[in-house]
Amino acid sequence: MKKIEAIVRHYKLEDVKNALTEQGVAGMTITEVRGFGRQKGHTEMYRGTEYAVDFVPKVKLEVVVDDDRVQTAVDAILKSAHTGQIGDGKVFVYNLENAVRIRTGETGGEAL
């Protein structure tokens with residue numbers, strides 16, 4: 001099993017969710033996050049005054065998939081979140097040792 005974390009733009013969340021659902025991903029967790037990468041934030045104007053936005057708001061999406069579905073899930077995220085602009089986000093893939101469904105006690109792939 002693998003855990004996939006994707007940091008994407010807010011307005012791309014629905015596209016990413018739909019793309020993953022089409023690939024058979026059954027569940028996901030969404031978290032509002034703020035951070036910066038190479039762009040180091042950006043500047044904005046408010047009432048005529050320019051100010052720095054050091055931490056850019058994004059959405060972190062987390063899904064867990066079987067090993068054989070990792071590449072299709074990652075490809076779906078990449079295709080649906082891509083704009084070609086700086087700040088599109090990142091995708092991280094982690095090895096996941098185990099998962100347990102609390103209600104039934106199912107473990108591993110059955111818990112997904």
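**Reading a predicted fold: a dialogue**

Q: Where does UniProt place the feature "modified residue: O-UMP-tyrosine"?

A: The UniProt record, an unreviewed entry, places it at Tyr51; such positions are given in the numbering used here, and annotations may be inferred rather than shown by experiment. Tyr51 lies in strand β4 (residues 49–53). This is a predicted model, in which local features need pLDDT of at least 70 and side-chain atom pairs count only at pLDDT 80 or more, while totals for chains, interfaces and linings use all residues. Residues are numbered from 1 along each chain as its sequence is written, and side-chain values use heavy atoms, with hydrogens and water left out.

Q: Is Tyr51 buried, exposed or partly exposed?

A: Buried means under 20% relative accessible area, exposed over 50%, and partly exposed in between, with a 1.4 Å probe and protein chains only. Tyr51 counts as partly exposed because its relative accessibility is 37%.

Q: Which pattern does the protein follow along the sequence?

A: Helices (H or I, at least four residues) and strands (E, at least two) are DSSP runs, numbered from the N terminus. The protein has two helices and six strands, and their pattern is β-α-β-β-β-β-α-β.

Q: In what order do the four strands of the open sheet stand?

A: Strands of a sheet pair through backbone hydrogen bonds, either parallel or antiparallel; here two strands count as paired if DSSP finds at least two bridges between them. The order is β2-β5-β1-β6, with antiparallel pairing. Because β2 (29–35) and β6 (90–95) each have a single partner strand, one side of each is left without a neighbour in the sheet. Seven bridges join β2 to β5 (residues 56–65), and Gly35 stands opposite Val56 in β5.

Q: Which strands does helix α1 lie across?

A: Helix α1 (residues 13–22) lies across β1 (2–8), β2 and β5, at about 10 degrees to β5. Helix α2 (residues 70–81) packs on the sheet and touches β1, β5 and β6, its direction making about 5 degrees with that of β1. Contact means heavy atoms within 4.5 Å, and axes are lines fitted to C-alpha atoms, for helices over the stretch in contact, with angles from 0 to 180 degrees between N-to-C directions.

Q: Which residues of the largest nonpolar core touch the most other members?

A: In soluble globular proteins, nonpolar side chains tend to be buried together. A nonpolar core is a set of buried Ala, Val, Leu, Ile, Met, Phe, Trp, Tyr and Cys residues joined through side-chain atoms within 4.5 Å. Of the 17 residues in this one, they are Ile4, Val8, Val16, Leu20, Val25, Val63 and Ile77. The largest share, six residues, comes from α2.
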